[in-house]
Amino acid sequence: MDHLDQLEAQSVFILREAYRKLKPLAMLWSLGKDSNVMVWLAKKAFLGRVPFPVMHVDTGKKFPEMYKFRDEYSKKWELDLLLGDCPPVEEMDPSLPPAARSAARKTAGLAAMIEKHKLQGVIAGIRRDEQGTRAKERVFSPRGASHKWDIRNQPPEFWDQYATPHEEGMHIRVHPLLSWREIDIWRYIEREGIPLVDLYFAKDGKRYRSLGDADITSPVESNASTLAEVIAELETTKTSERSGRAMDHESEDAFERLRVAGYL
């Protein structure tokens with residue numbers, strides 16, 4: 001097995017463990033590269049079909065290309081798609097910086113979907129290498145009744161043994177891509193032929209490395225217009241993957257405050 005085979009096998013094992021232990025279970029589908037890889041892995045793990053719903057927590061501010069992709073591939077992949085809206089930004093914590101306050105709408109939207117569908121497990125496509133706060137995560141990460149993340153009280157995970165504590169109102173976030181790196185994601189996409197939103201590929205000297213809401217996400221300078229060129233670029237770049245995310249340039253603790261409150 002090469003490196004990608006090992007990552008794939010680990011993720012498939014995590015997805016099957018989540019399906020065995022947590023019901024009801026759903027997968028977050030943000031329409032970005034990581035969540036598309038996650039859907040692909042779920043199809044592999046369960047003989048070609050995803051056996052649980054996928055959820056899109058919709059802010060109403062995604063790029064048109066993302067909505068087009070969602071409508072097309074939810075049908076092609078035969079996904080049980082659940083759509084949820086987000087409350088207005090005026091209802092979010094006014095002490096947050098502007099971009100983080102806008103992003104906080106997804107936290108509230110996700111909480112509402114978890115409660116509506118009484119979910120015990122939510123699969124999310126975060127990776128440790130993306131951002132320092134996410135590096136503190138576990139593969140199976142418990143969230144309390146208020147959906148909050150207690151960073152200092154996470155269960156140990158030795159020898160791929162994952163705890164699934166359950167108390168009234170709590171749920172488990174499951175992270176099958178936690179050990180993957182950005183370049184692993186791209187190499188796997190190339191190997192498997194996984195479809196993507198074309199905003200990831202350069203046009204007029206710019207491309208998006210990370211996709212979010214259109215009003216708080218910016219492209220980076222790049223001439224990488226093919227999978228091979230994106231991978232070659234990532235092998236030498238010193239620029240952060242999330243450099244185009246406005247909230248990552250705000251106060252140092254803003255992202256961790258969102259994560260503690262239940263952000264994706």
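1. Arg209 is buried, at 5% relative accessible area; buried means under 20%, exposed over 50%, and partly exposed in between, with a 1.4 Å probe and protein chains only. The residue sits in the loop between β7 (206-207) and β8 (220-221). Helices (H or I, at least four residues) and strands (E, at least two) are DSSP runs numbered from the N terminus.

2. This is a predicted model, in which local features need pLDDT of at least 70 and side-chain atom pairs count only at pLDDT 80 or more, while totals for chains, interfaces and linings use all residues. Residues are numbered from 1 along each chain as its sequence is written, and side-chain values use heavy atoms, with hydrogens and water left out.

3. The side chains of Arg209 and Glu182 are joined by a polar contact of 2.7 Å. The term covers a pair of N or O atoms within 3.5 Å; within protein, one must be able to donate a hydrogen and the other to accept it, and residues adjacent in sequence count only if both atoms are side-chain atoms. Leaving aside residues up to four places away in sequence, Arg209 touches several others, among them Lys33, Tyr200, Leu234 and Glu241; contact means heavy atoms within 4.5 Å.

4. Two residues other than glycine have positive phi. Leu31, with phi near 85°, lies in the loop between β1 and α2 (33-45) and is buried at 0% relative accessibility. Leu47, with phi of about 55°, lies in the loop between α2 and β2 (54-58) and counts as exposed at 83% relative accessibility.

5. The peptide bond from Lys23 to Pro24 is cis, with omega near 0°. Pro24 belongs to the loop between α1 (3-21) and β1 (25-28).

6. For the protein chain as a whole, there are seven helices and eight strands. Buried residues make up 55% of its 264 residues. Among contacts with a separation of 6 or more, 72% come from residues 24 or more positions apart.

7. The accessible surface of the protein chain is about 12,100 Å², and carbon and sulfur atoms hold 50% of that surface. Areas come from the Shrake-Rupley method with a 1.4 Å probe; for residues, only the protein chains shown count as cover.
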